[in-house]
Amino acid sequence: MSTSLLASAAQAKTGKTKILVPDSNQPGVLDVTFKDDATAFNGVKHERIDGKGALAAKISAHLFELLESVGLKTCFLGRANASHQLRYLALTMMPLEVVVRNKAFGGFIKRYPQLSSGYPMPMPLVEYFLKDDAAGDPLLSEAAIGELNLLPSSLNLGLLRRRAMQVNEILVAYFDALNIDCADFKLEFGLDAQGDLRIADELSPDNFRLRDKATHRVLDKDVFRQDLGALADAYAEVLNRIEACPPAAFLASWTPALKTYNAEMVVMRRPELLHPEAEAIKQAAESLKLAHIRDFSAGKCFQLTVSAPHMLAAEKALLLLGESLLANPVLENIGLRHLEPFLEAGLE
């Protein structure tokens, strides 16, 4: 499994837009410098833009703080002394780019030209790309991710997708409060030393498609890609709106309407414990001369519909329900197998 810049805290790493240096006084901590470099088309287009690094770092810090405030774990530890520097927790990175699309733009339109630019998705679409500049960051199917062993065995792709959808709900709501339309964005993920999944990389307009809701002015790296004007001016506009309505102020006044989600939870006997029911079924199956069964486990599946202000709140409520009522924590494991926004039948 390949890794990316946050994968090792042993030595300094330089990427296209960031420099990561291990903190000699704090093992597992990285000092991250955001460069003034702007790149596009896998580095084919490259330019230095004064002040861009500080703008990207400040915007990322605010958005990381927003996600941390609602309970989503990230690599972010805090700001550094310099305006273009942040402090990160070193992670073992997934070699994937996870893209969430709320509207159709860019490469998606090229793949599906029957859709018009800006087409709104009935439900946010999550896609996966292999982090490989030489190969052009190819699109991956879920089956290919498994076949290529791109994720550790402890990590379920469903959890990666769920985290991306949860990030999307929070960011879309926040940008909406800033009168900005969040059309799509790219996330990267890594595992910390405890094996917990964390959002990594950066959360700047380098990784987003942002449009002013009223004027449709481009406020992201498409300004650079498409030669639409001064990139630093676009990033400064995003930062100005964030500083006028910082995450703490937004969360203090945010009263989202309840949304509906479909969920599936599974309760299974702990693998180290004997399960008489499963053993009895296994023996019965063998007596019927069915295929040889090497292992057998039994459990319970619960399908639920839940209302919550956002998906992260829905997940927390479901896990509390499972641990309190659905499973015996001494004997059983509880898992959230599926959680999706409820989509009305026939909705287009």
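These are my notebook entries on a predicted model.

**Ground rules**

I number residues from 1 along each chain as its sequence is written. The model is predicted, so I take local features only at pLDDT of at least 70 and side-chain atom pairs only at pLDDT 80 or more, while totals for chains, interfaces and linings use all residues; side-chain values use heavy atoms, with hydrogens and water left out.

**Entry 1: the sheet**

I looked up the strand order. Helices (H or I, at least four residues) and strands (E, at least two) are DSSP runs, numbered from the N terminus. Two strands pair if DSSP finds at least two bridges between them. I found an open sheet of five strands, ordered β11-β10-β9-β12-β15, with antiparallel pairing. β11 (139-140) and β15 are the edge strands, and each pairs on one side only.

Then I went through the pairs.
- β10 and β11 are antiparallel and share two bridges; Tyr 128 stands opposite Leu 140 in β11.
- β9 and β10 (residues 120-130) run antiparallel, joined by seven bridges; Lys 103 stands opposite Pro 120 in β10.
- β9 and β12 also run antiparallel, with four bridges; Val 100 has Phe 185 in β12 as its bridge partner.

**Entry 2: two residues of β9**

Is Val 99 buried or exposed? Val 99, in strand β9, counts as buried because its relative accessibility is 10%. The cut-offs I use are under 20% relative accessible area for buried, over 50% for exposed, and partly exposed in between (1.4 Å probe, protein chains only). Contact means heavy atoms within 4.5 Å. Leaving aside neighbours within four places in sequence, Val 99 is in contact with Leu 125, Val 126, Glu 127, Phe 129, Phe 185 and Lys 186.

Not counting residues up to four places away in sequence, Glu 97 touches Glu 127, Tyr 128, Phe 129, Lys 131, Asp 137, Lys 186, Leu 187 and Glu 188.

**Entry 3: the pocket**

I asked how much space lies in the largest pocket. It is about 1400 Å³. The search ran on a 1 Å grid over the protein atoms alone; a pocket is an open set of points where a 1.4 Å probe fits, with protein on both sides within 12 Å along at least five of seven lines, and lining residues have an atom within 4 Å of a point. Grid points are joined across faces, edges and corners, and the volume is the space filled by probe spheres set on the points.

Of the 46 lining residues, Asn 42, Glu 97, Asp 137, Lys 186 and Arg 225 are closest to the centre. Elements that give two or more residues to the lining include β2 (18-22), β4 (37-40), β9 (96-103) and β12 (180-187). By class, I have 14 nonpolar, twelve polar and 20 charged residues in the lining. Ala, Val, Leu, Ile, Met, Phe, Trp, Tyr, Cys and Pro count as nonpolar, Asp, Glu, Lys and Arg as charged, and the others, Gly among them, as polar.

Lys 16 lies in the loop between β1 (13-14) and β2. With a relative accessible area of 38%, Lys 16 is partly exposed. Beyond four places in sequence, Lys 16 is in contact with Lys 35, Asp 37, Thr 39, Asn 42, Gly 43 and Asp 133.

β4 and β5 (residues 45-48) pair in the antiparallel sense over four bridges. Ala 40 stands opposite Lys 45 in β5. Four residues lie between the strands of this hairpin, where Phe 41 takes a positive phi near 55 degrees.

**Entry 4: other positive phi values**

Most residues other than glycine have a negative phi. Asn 179 has a positive phi, near 60 degrees, and sits in the loop between α4 and β12. His 216 has a positive phi of about 65 degrees and is found in the loop between β15 and α5. His 216 counts as exposed, at 57% relative accessibility.

**Entry 5: the core**

A nonpolar core is a set of buried Ala, Val, Leu, Ile, Met, Phe, Trp, Tyr and Cys residues joined through side-chain atoms within 4.5 Å. The largest one has 86 residues, and Leu 63, Tyr 88 and Leu 171 are among those with the most contacts inside it. Helix α4 (residues 157-177) gives the most to this core, ten residues. Leaving aside neighbours within four places in sequence, Leu 171 is in contact with Leu 63, Leu 66, Leu 67, Phe 185 and Phe 208.
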